[in-house]
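Here is a friendly briefing to read alongside the model.

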Amino acid sequence: MIKIIKSILKVLNSLIITFSVVILLLVIIIKVSGTQLYTVLSGSMEPNYPTGSLIAVKEIEPTELDEGDVITYRLSGSTIATHRVIEVLSEDSGLKFRTKGDANEDPDASPVPAENVIGTPFLTIPEGGYIANYAQSPEGKKKIITVFAVLMAYVFLTDFIILDKKKNKPDEPTSNEKSE
């Protein structure tokens with residue numbers, strides 16, 4: 001029975017460590033690659049991008065965009081939007097894009113200048129935006145750090161105290177036993 005428990009603990013420890021490494025690698029890859037993450041705050045792009053989704057956006061040259069592409073762009077200040085390009089406009093003032101939310105009846109009021117284009121979404125995680133927003137809040141950060149610390153303490157303690165405990169193994173004589 002003890003061997004089964006030890007085996008289960010080893011598997012659980014391996015899963016916890018693997019999960020932690022994968023999360024860490026994903027964060028590093030996202031930061032290094034220049035990918036930006038945004039939370040979808042409205043239903044204008046449903047059903048493709050539901051409210052609360054986390055979208056990963058990669059940079060793209062505005063000249064590579066065509067009608068039908070979805071773009072994430074800066075509306076004004078810190079306001080970001082993600083809508084579909086319905087028309088590419090070449091004007092004297094430069095390249096612009098007429099956009100429309102998939103769930104909206106009318107196109108957006110103003111064309112998007114090329115310099116406002118951030119990129120195009122390539123990954124959507126439904127409900128992931130809620131988690132990401134919470135994780136960035138002060139309360140969320142405290143909880144994540146606490147959970148991580150508890151998991152690492154658990155892995156260390158089970159590995160050190162239970163799994164690698166070498167004392168009293170039946171096949172190894174202790175210092176008090178005499179060999180014959």
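Ile144 sits in helix H3 (residues 138–163); helices here are DSSP runs of H or I with at least four residues, strands are runs of E with at least two, and both are numbered from the N terminus. This is a predicted model, in which local features need pLDDT of at least 70 and side-chain atom pairs count only at pLDDT 80 or more, while totals for chains, interfaces and linings use all residues. Residues are numbered from 1 along each chain as its sequence is written, and side-chain values use heavy atoms, leaving out hydrogens and water.

**Around Ile144**
- Ile144 counts as partly exposed because its relative accessibility is 46%; buried means under 20% relative accessible area, exposed over 50%, and partly exposed in between (1.4 Å probe, protein chains only).
- Tyr134 lies 10 residues from Ile144 along the chain, and their C-alpha atoms are 9.9 Å apart.

**Overall make-up**
- The protein has three helices and seven strands, arranged from the N terminus as α-β-β-β-β-β-β-β-α-α.
- Of its 180 residues, 26% are buried.

**The sheet**
- Seven strands form an open sheet in the order E1-E2-E7-E3-E4-E5-E6, with antiparallel pairing; two strands pair if DSSP finds at least two bridges between them.
- Strand E1 (36–39) and strand E6 (112–113) are the edges, each with a single partner strand, so one side of each has no neighbour in the sheet.
- Seven bridges join strand E4 (residues 79–91) to strand E5 (residues 94–100) in the antiparallel sense, and Arg84 has Lys100 in E5 as its bridge partner.
- Helix H2 (residues 128–136) lies across E1, strand E2 (54–58) and strand E7 (117–125), at about 85° to E2; axes are lines fitted to C-alpha atoms, for helices over the stretch in contact, and angles run from 0 to 180 degrees between N-to-C directions. Contact means heavy atoms within 4.5 Å.

**Helix H1**
- The 32 residues of H1 should span 46 Å at 1.5 Å a residue, and the end C-alpha atoms are 46 Å apart, which agrees; the expected span is 1.5 Å times one less than the number of residues.
- Which residues of H1 are buried? They are Leu9, Asn13, Ile16 and Ser20.
- Gly34 follows H1 and has a positive phi, near 80°.

**Confidence**
- The average pLDDT (the predictor's confidence in each residue, from 0 to 100) is 87, and 89% of the residues score at least 70.
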